[in-house]
Amino acid sequence: MSSPAQRSRLFPTAVSNALTALALDLRWSFNHSADHIWEQLDPELWDLTRNPWLVLQTVAREKLEAVTAKPEFQKLLADVERERQAAEQQEGWFQRAHPRSGLTKVAYFSMEFMLSEALPIYSGGLGNVAGDQLKAASNLAVPVTGVGLLYQLGYFRQEIDGAGHQQSLYPFNDPGQLPVKPLREPNGEWLRLCLDLPGVKLWIRTWEVQVGRTRLYLLDTNDPANLPAHRGITGELYGGGPELRLKQELVLGIGGWRLLDALGLRPEVCHLNEGHAAFAVLERARSRMAENKEPFDLALTITRAGNLFTTHTPVDAGFDRFPPALMEKYFKEYAEKELSVPFDELLALGRRNREDSSEPFNMAYLAVRGSGAVNGVSRLHGEVSRRIFQPLFPRWPEAEVPITHVTNGIHTPTWDSAEADSLWELTCGKDRWRESMAGIAQCFRRASDSELWQLRSSGRKSLVRYVRKHYVRQLSGQGASREDLEQAVRALDIEALTIGFARRFATYKRPNLLLHDPQRLAQILTSRERPVQLVLAGKAHPQDIAGQDMIQQWVDFSRRPEVRSRVIFLADYDVLMAQQLVQGVDLWVNTPRRPWEASGTSGMKVLVNGGLNLSELDGWWAEAYSPEVGWAIGDGREHGDDPVWDSKEAEVLYGLLEREIVPEFYNRDDHGIPRGWVARMRESMARLTPLFSTNRVVRQYAEELYLSSAAAFKERSKDQAALGSDLVKWKTEVRKHWSGLRFGSATVEQQDGQLVFQTQVYLGDLDPDFVRVELYAEAQNGQAPSHHAMSRGERLVGSQNGFTYTARIPSTRSATQYTPRVIPEHSGALIPIEAPFILWHDSPSWR
């Protein structure tokens, strides 16, 4: 046993190791049991940054030794570290629900990840989705590993100057102050990758981020061995022109998959979070080619089954496209030497018209053609995406374009307040977000009116304090007068109805719809009996002049004397600010043009904290809304950028506030509780919080997409790729002979209450077993489209490969509603992704 003297010498090292392990595990971004540790070391820096690693790197050694010597600190540290290790080692939901799944790894590629303000490598919604899903994967023990880029500058930081103009700033992300650590080779060397760019090698440094059970691997090109221009490839997020974007996506997709190879990781599933990472499709196939000595078409056929593409884009113009000449510069040699295919064959994967040499290369098209499953991020966005990608499947009905949806959600432990967390734990238990959430709605409905209203009042009070403090700091930076600073200290009212509005300022989001009639809005805000206050935040892209103009309009409005204490625009919207807003507002407003909000997640974040939503019927709210849980504007249809419709919706917005929302908030009983408002809170929290959480999202991805994708990939790989090889031969035959197919005559007659259809089909040189002949009828009365297989009869006399096909179906619909068609068929194929051919009988004259 060691002596007391020996233990005293060892203890500081043990404490240092424990603090380092805690600070480098971003579990602290959603589990706050260690907050008091960092607060004791440097309360001011902790309050400003919420970055434990920065606190640990900055604190003076004398202060560190003094604080860590305290017995109560040592006990807290030991308890927190024990809890952290137990959480990482215990069996999770995925292992219990799917103990023999065979799924060992999902590689999740994303251009950005929003995990914490301590790691500013995000812009907005896409990063929010990626970060929250990574955290939920940790909670549920779903084996997901993230792959992204470590930006030197990241997305811009915002400042509002004295004239109300947005200024864009780019502070440097010093890796030494970020919660990341270099990946090391077994011999201790930094793991660096090498890619070939035109005429030069590109060196890529690699980093690891721990997020509870999960890991995020990051790549950056700021290596001294690189040319100065190449060191800046991972400089700005969404900065620069097409060539820089192409190089970033090359590093993410190709470099990211090579990093997984270098680490010895063999994911069954590759999940592309948007099309930026689609080059991973090519590199995954190349990696398999090298390992198994297979040709590209076979390797892609096998790996495609294990690729999943999630699209977030609601308009075709939003996809990344690269000119053919730029693609040739960076990918011609890759295609010919690495993939052993002509460069035009690679380009064809990213084009609508494979034969059009002038068509740009579309990353989303590559992602669709290289994936076995594709999904949008809300029910409505799934419909929109089927319309957007329909050109890749000519003559296929839009409803059969192979795109499903998984509606986004948010990671509730990241976005709930301490008070909300306590109330949820009291009603639903400590492990509520780590299990299947069965029965959680019923449990939460037991919360009393007084508990719910106390939660709301406490959240609003905390938000008002935060806004005052932040706004004073913001105005001080602008050189504001003492009078303005004194006014800022008294801004807002802890009792007033508080509305939040924070998002990227872009024209399609209509952030100024609420400002359509400034005088009417001012009257709503300044009512003496029923005051309303508004807290706003958001950035406009540095190149979006229209978005910046809308910010200035709000800033100008907020400076009007009659509303200046009621309207605050907070600069530099980030994770920390978002958390304060969603925890404190009573009402969240969202006003995008339908259907341009693919999902939206900002309004989801208020749910767990008891905030209510007033939103356009778009994205997630189109499937979440009912009168019991909030308010909606819009008629469920698309109106484009019609200014007349904008005026109508602004009128509805003001009317709801004046006639329903404000009166309900201030209609109090003898105990000071607005019973109607609280009833709506309860239903919103109980019904919507679990449904729009990443707990549900990640479980849905796992059970509906990850497991099936992994199984399909393994099925195509086994027995020396027997199924994969058969599919390649099948596709070759179908492609070669499809143009020779044609229909002959078609007849129908009624027999015993059934319709008996017959049609002649001439298959040319194509094997009859390679096709399916069926009757198709459009959807009717809310039902799905109707499909009825037709059975093959005897060969037609005198024909080489012609047959009569027959189907008997109930006569519940008119025969004229059915059309015969031929589609490819193979039990192991993904139709129509892998074979988008279809032949319709153009004019069946049913007689």
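Trainee: In this predicted model, at what angle do helix α20 and helix α28 pack?

Mentor: Let's take the two helices in turn. Helix α20 covers residues 449-477 and helix α28 covers residues 675-691, and their axes are 10 Å apart. The pair is roughly perpendicular, since angles from 65 to 115 degrees count that way. The packing angle is about 85 degrees.

Trainee: And how many nonpolar residues does the contact of α20 with α28 have?

Mentor: On the α20 side you'll find Asp 449, Leu 452, Trp 453, Leu 455 and Arg 456. From α28 come Arg 675, Trp 677, Val 678, Met 681, Arg 682 and Met 685. Sorted by class, there are 4 charged residues, no polar ones, and the nonpolar count is 7.

Trainee: Is Leu 250 buried or exposed?

Mentor: Find Leu 250 in helix α10, residues 242-262. Leaving out residues up to four places away in sequence, Leu 250 touches Leu 195, Leu 197, Gly 255, Phe 279, Tyr 330 and Phe 331. The relative accessibility of Leu 250 is 5%, and the cut-off is under 20%, so Leu 250 counts as buried.

Trainee: How many residues are in the largest nonpolar core?

Mentor: Start with the members that touch the most others: Phe 109, Val 142, Phe 279, Met 327, Phe 331, Phe 389 and Tyr 706. A second, separate core has 61 residues, Leu 455 and Met 685 among them. The largest core has 120.

Trainee: Ser 340 and Arg 510 both have positive phi, so which of them is buried?

Mentor: Ser 340, with phi near 55 degrees, sits in the loop between α13 and α14. At 55% relative accessibility, Ser 340 counts as exposed. Phi of Arg 510 is near 45 degrees, and this residue lies in the loop between β15 and α22. With a relative accessible area of 5%, the buried one is Arg 510.

Trainee: Which residue does a cis peptide bond join to Pro 595?

Mentor: Look in the loop between β18 and α25, where Pro 595 lies. Omega of the cis bond is about 5 degrees, and the partner is Arg 594.

Notes:
Residues are numbered from 1 along each chain as its sequence is written. This is a predicted model: local features need pLDDT of at least 70, side-chain atom pairs count only at pLDDT 80 or more; totals for chains, interfaces and linings use all residues. Side-chain values use heavy atoms; hydrogens and water are left out. A nonpolar core is a set of buried Ala, Val, Leu, Ile, Met, Phe, Trp, Tyr and Cys residues joined through side-chain atoms within 4.5 Å. Buried means under 20% relative accessible area, exposed over 50%, partly exposed in between (1.4 Å probe, protein chains only). Axes are lines fitted to C-alpha atoms, for helices over the stretch in contact, and angles run from 0 to 180 degrees between N-to-C directions. Helices (H or I, at least four residues) and strands (E, at least two) are DSSP runs, numbered from the N terminus. Angles under 35 degrees count as roughly parallel, over 145 as roughly antiparallel, 65 to 115 as roughly perpendicular and the rest as oblique. Contact means heavy atoms within 4.5 Å. Ala, Val, Leu, Ile, Met, Phe, Trp, Tyr, Cys and Pro count as nonpolar, Asp, Glu, Lys and Arg as charged, and the others, Gly among them, as polar.
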